[in-house]
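Here are my notes from a first pass through this structure. Have a look at the sequence and the model, then read the points in order.

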Amino acid sequence: MVDVAFQPNSVLETRVVRKRASLRTALKRKSTAAFLMTLPLILLVTILVIYPAFYSLHLATLNKSMQRFVGFGNFEFLFKRETFWLVVKQSCIFAITAVVFKALIGFIVAHFVHNVPAKGQRKWRGMLLVPWVIPPAMSTLAWLWLFDPSYSAFNYTLSFFHVGPIAWTGDAYWARFSVILVNIWFGAPFFMILYLASLKSVPEQLYEAAAIDGANWWQRIWYVTLPMMRNIIAITLLFSLIVTFANFDIVRILTAGGPLDHTHIFATWAFRVGIEGGDIPLGASVSLFMFPILAIAAVFILRDINQRGNEA
Amino acid sequence: MASTVMIDKAAPTRNPAYGSMSRDRAWALKWSYFFLTLFAIFSLVPPLYMLITSLKSSAEISAATNPWWVFHPTLSNYVGLLTSNQFLTFFRNSVLVSIFVVTITMLISVPAAFALSRMRFWGSATLATGVFLTYLIPDTLLFLPLFKMFAVFGDWTGIQLINRWYVLVVVYPTLTVPFCTWIMIGYFASIPKELDEAAIIDGASWLQTLTRIFIPVALPGIIAATIFAFTVSWAQFLYPLVFTTSTDQLVLPVGIITSLVKGDVFNWGQIMTGALLGAAPPLIIYAFLMDYYIAGLTAGATKG
């Protein structure tokens with residue numbers, strides 16, 4: 001009896017020992033190596049992305065000289081300022097309008113490119129992607145020069161139609177329009193390329209079946225193209241919403257937030273307050289308002305990734 | 001002849017339908033070309049206008065002539081910029097920063113992507129997702145805390161980072177590494193498992209599997225990631241604007257904007273020339289490696 005009771009135990013013990021040994025060697029060989037290979041990445045992300053993100057939370061609770069804790073003082077101060085609400089409004093208008101138009105134009109142009117014979121598509125795609133390739137700081141300079149009120153091209157051209165001169169960057173409404181226009185110009189090619197790639201992956205049979213059922217072009221888009229492209233549309237919209245919400249270059253160079261703060265968005269105002277105005281905590285509090293949109297996007301993207309993980 | 005007649009007889013009612021369909025196609029094609037031309041003009045006007053202006057003298061720019069045409073082409077703007085020490089310094093700084101950043105990015109992200117896609121370890125899946133999420137944290141959220149961090153770091157250690165070009169080598173990888181790692185994970189995951197199993201059976205170490213198998217097979221992905229890293233580090237505007245101020249430390253985008261604008265005077269000929277020269281390296285790479293460029297673009301988003 002005793003023997004019988006002992007034997008399974010000993011077997012178990014040796015098994016555990018063997019398992020531990022193999023675990024140790026595995027650790028030595030694979031996991032440790034893998035961990036060491038990812039260590040630079042982990043360090044980089046922790047020190048230069050995650051730590052500063054939390055540090056900005058801390059900074060936002062300090063006073064201007066960064067010596068005294070003021071709690072929500074900076075936020076209370078912001079909420080009382082008219083400029084802040086102007087910036088909130090403009091950021092939302094800017095991001096939503098620009099993203100909607102970028103997606104629409106990208107979608108439409110992708111269809112046109114998809115329509116032309118395959119031989120010519122490369123050429124068109126190549127030309128249409130140029131705005132995305134030029135560094136935005138450089139191309140925005142070109143736009144600034146195109147918008148120049150007295151010497152330059154747009155007003156000169158419009159004068160033939162007896163329109164203008166328009167103060168493209170001087171008038172509040174036109175300045176908002178210009179900033180959004182440049183953003184659309186820069187961002188639409190990105191949508192175009194992605195939508196074109198996903199258009200090509202829609203099986204031709206679906207359209208044939210729809211045509212046999214007598215679907216017109218609108219029904220083909222609504223019932224075939226859009227459902228097939230749902231994922232990519234959602235992900236590009238989220239992506240672009242984050243990037244556009246956090247945009248800096250275009251507004252900074254084109255209007256620097258002017259006239260009278262009427263084109264400031266969160267990033268440019270944070271720069272104005274934090275770097276130019278020397279109030280780093282207040283600037284940090286301003287830029288923290290970009291966080292909610294980020295968090296929402298993160299939730300959606302995580303859900304998407306998990307879903308795909310389950311499908312695979 | 002005979003066969004066409006046969007078809008005519010066999011299906012006389014179908015012919016008009018075919019005719020209208022192909023007529024529809026022809027119309028659709030015509031409209032497509034028309035709108036594509038419009039959009040292409042919209043896309044290409046700013047860069048072309050850069051070129052036009054860069055060929056003008058400042059006298060012609062301020063004269064009331066047709067701005068869309070060059071009447072007296074001159075290369076004086078190019079000569080002026082390419083012989084100015086200041087501009088060459090900007091260019092050198094940009095090149096140095098980009099080379100360092102691309103190297104660091106690839107050294108960090110390729111091994112990390114390999115480990116995350118092939119060598120499963122505790123938390124590796126979470127880490128892969130986390131990497132992607134950090135890519136979404138924008139630079140505009142981080143520049144103020146980073147500015148303060150570097151200032152404090154300078155006080156503590158005496159190593160001055162603010163207002164040195166190499167501070168950009170420290171921060172740019174935060175923009176490039178997460179994305180490059182992410183697309184490399186995608187490329188590595190698409191390599192069949194049998195390939196590295198065969199290598200391991202032949203006695204290759206993990207490092208050898210990476211350098212002998214994965215890197216050669218995933219070369220298109222690596223090129224796409226390299227192009228991405230270069231484009232980002234060449235085009236970044238916010239970080240150099242915040243972290244560097246003295247003219248000998250600036251990179252191209254910031255240098256052109258801060259140094260060529262003197263007071264309220266915009267020397268547009270030189271600014272456009274500088275902008276064009278600044279846009280040239282990414283454009284040239286794009287012209288030759290367009291397919292890799294597009295591959296990187298689509299891989300990043302569709303695999304997200």
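1. How many helices and strands does chain A have? This is a predicted model, and in it chain A has 14 helices and 0 strands.

2. Next, burial and contacts in chain A. Of its 312 residues, 39% count as buried. If you take the contacts in chain A with a separation of 6 or more, 64% of them join residues 24 or more positions apart.

3. On to the meeting of the two chains. Chain A puts 73 residues into the contact, and chain B puts in 75 residues. On the chain A side, helix α1 (residues 2-59) gives the largest share, with 18 residues. Sorted by class, that side of chain A has 60 nonpolar, 11 polar and 2 charged residues.

4. Which residues touch the most other members of the largest nonpolar core? That core has 168 residues, and the ones to look for are L141(A), M192(A), L168(B), I183(B), M184(B) and A275(B).

5. Now a helix pair in chain A. The axes of α2 (residues 73-80) and α13 (residues 280-288) of chain A come within 10 Å and cross at roughly 70°. An angle of 65 to 115 degrees counts as roughly perpendicular, and so α2(A) and α13(A) are roughly perpendicular to each other. From α2(A), the contact uses N74(A), F75(A) and L78(A), while α13(A) brings P281(A), L282(A), S285(A) and V286(A). By class, this contact has 5 nonpolar, 2 polar and no charged residues.

6. Most residues other than glycine have a negative phi. L260(A), which is not a glycine, has a positive phi near 55°, and D261(A), not a glycine either, has a positive phi of about 65°. Where are they? L260(A) lies in the loop between α11 (249-254) and α12 (266-276) of chain A, and D261(A) is found in the loop between α11 and α12 of chain A as well.

7. L260(A) has 11 other C-beta atoms within 10 Å, so L260(A) is exposed. D261(A) has 18 other C-beta atoms within 10 Å, so D261(A) is partly exposed.

8. You'll find L104(A) in helix α3 (residues 82-115) of chain A. It counts as partly exposed because it has 13 C-beta neighbours inside 10 Å. From L104(A) to V70(A) is 34 residues in sequence and 45 Å in space, C-alpha to C-alpha.

9. Last, chain B. Chain B is divided into domain 1 (16-54) and domain 2 (77-294). How far apart do the C-alpha centres of these two domains lie? The distance is 35 Å. The contact between the domains takes 4 residues from domain 1 of chain B and 7 residues from domain 2 of chain B. On the domain 1 side, there are 2 nonpolar, 2 polar and no charged residues.

Conventions
Residues numbered from 1 in each chain as written. Chains lettered and ligands numbered in written order. Predicted model: local features only at pLDDT ≥ 70, side-chain atom pairs only at ≥ 80, totals over all residues. Contact = placed C-beta atoms within 7 Å. Helix = DSSP H or I, 4+ residues; strand = E, 2+ residues; numbered from the N terminus. Nonpolar A, V, L, I, M, F, W, Y, C, P; charged D, E, K, R; others polar. Core = buried A, V, L, I, M, F, W, Y, C linked by C-beta atoms within 7 Å. Buried ≥ 20, exposed ≤ 12 C-beta atoms within 10 Å, placed from the backbone. Axes fitted to C-alpha atoms, helices over the stretch in contact; angles between N-to-C directions. Parallel < 35°, antiparallel > 145°, perpendicular 65-115°, else oblique. Domains from an automatic or database assignment.
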